[in-house]
Amino acid sequence: MSFKIDRGLFKYDFIDHHAILCVPVDADVKEIRKRYLKIARRLHPDSSFTETAAQKQLGNELLSKLVNPAYEKLSGDRTRAEYTIILSQIGKRLEQESTSVTLNTNLGRQLADAANIDHFYKSAIAKLAQTQYDSLEQALQVIAQISELNLVYLMRSAGKSSVAPPPSAQPKVQSGTPQSNTSKDTPPAPAPAPAPAPAKEDSIVEQYARRAQSLIDKNQFAQAKVELQDALKLEPKNSHCHSLIAMVYLRQNQLKMAKIHFDNALKLNPNDETALQWKPKIDKALGQQPSDHKVTSSPNNGDKQPDKSGSGGLFGGLFGGKKK
């Protein structure tokens, strides 16, 4: 059975795991686990809540396809942190596009106009959680309603956090004191130092790329490739990520894949230094016929052996040493 939801955050090609579990978007791990266990008991095939065979099957599918994946995503420290960053980015996007957002539920519209958004939002989530899976046939509609509440809450929270604080009061300048006394007795007050510029928050893709670079430096290429593949799913036209994953493939002696991503990097950024450095070498290497491959000779006995992929050979020629 396909579970398709096209309202709330789901209509932005995003799986709203908080809506599936019916917990606030700022819920902690303890709250998430408590809610998951309650839902799991409700949906389990052996539960007394599911009477007919059809209900047992539907409950089991909801548990395995929606609830369990949601809990796995939100219970892990790393996956929850990454997911939270994405939520923050979505909230900023929604705040910018707030005039074009269409709300379908009364609760969503009420939250959009509520004076105390935190109180209204958490109260509405808690109330919906009481009956979320009472009717399994209506569960997707309830999840959609919860997701719309999450959408409005993120949108309004992003707008609230973007409001600049009022400027601090400037010190008053005393008047009526003769200039001669001021300069003679009291030195002039130094001008206040300018406030430091706020640190720029890295995007989720930049964080993927930074972790990948660290893994590459440690020769942990498989993990680095996973990070970069995830990054490119979010930003397929990120030249830096294409260049980094090309280096991963190059280190793994997968020259054709490296060439593809270096080509992509240069199409997106013709000045990419890494791609400009390595692509000509890969083109030259791939232009060699199998019979033209060089052989390495042993300094001891002069015997010649053909290179083997991944054990030296072309990889060693490019990097000056064997693959680690």
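Q: Is Arg80 buried or exposed?
A: Arg80 is buried, because its relative accessible area is 17%, and buried here means under 20%, with exposed over 50% and partly exposed in between, using a 1.4 Å probe and protein chains only. This is a predicted model, in which local features need pLDDT of at least 70, side-chain atom pairs count only at pLDDT 80 or more, and totals for chains, interfaces and linings use all residues. Residues are numbered from 1 along each chain as its sequence is written, and side-chain values use heavy atoms, with hydrogens and water left out.

Q: Which residues does Arg80 touch?
A: Leaving aside residues up to four places away in sequence, Arg80 touches Val29, Ile32, Lys73, Leu74 and Ser75, where contact means heavy atoms within 4.5 Å.

Q: OK, switching to helices: at what angle do α9 and α11 pack?
A: Helix α9 (residues 204–217) and helix α11 (residues 239–251) pack at about 25°, with their axes 11 Å apart. That makes α9 roughly parallel to α11, a label for angles under 35 degrees, whereas over 145 is roughly antiparallel, 65 to 115 roughly perpendicular and the rest oblique.

Q: And which residues make that contact?
A: Val205, Ala209, Gln213 and Ile216 come from α9, while α11 supplies His240, Cys241, Leu244 and Val248.

How values were computed
Axes fitted to C-alpha atoms, helices over the stretch in contact; angles between N-to-C directions. Helix = DSSP H or I, 4+ residues; strand = E, 2+ residues; numbered from the N terminus.
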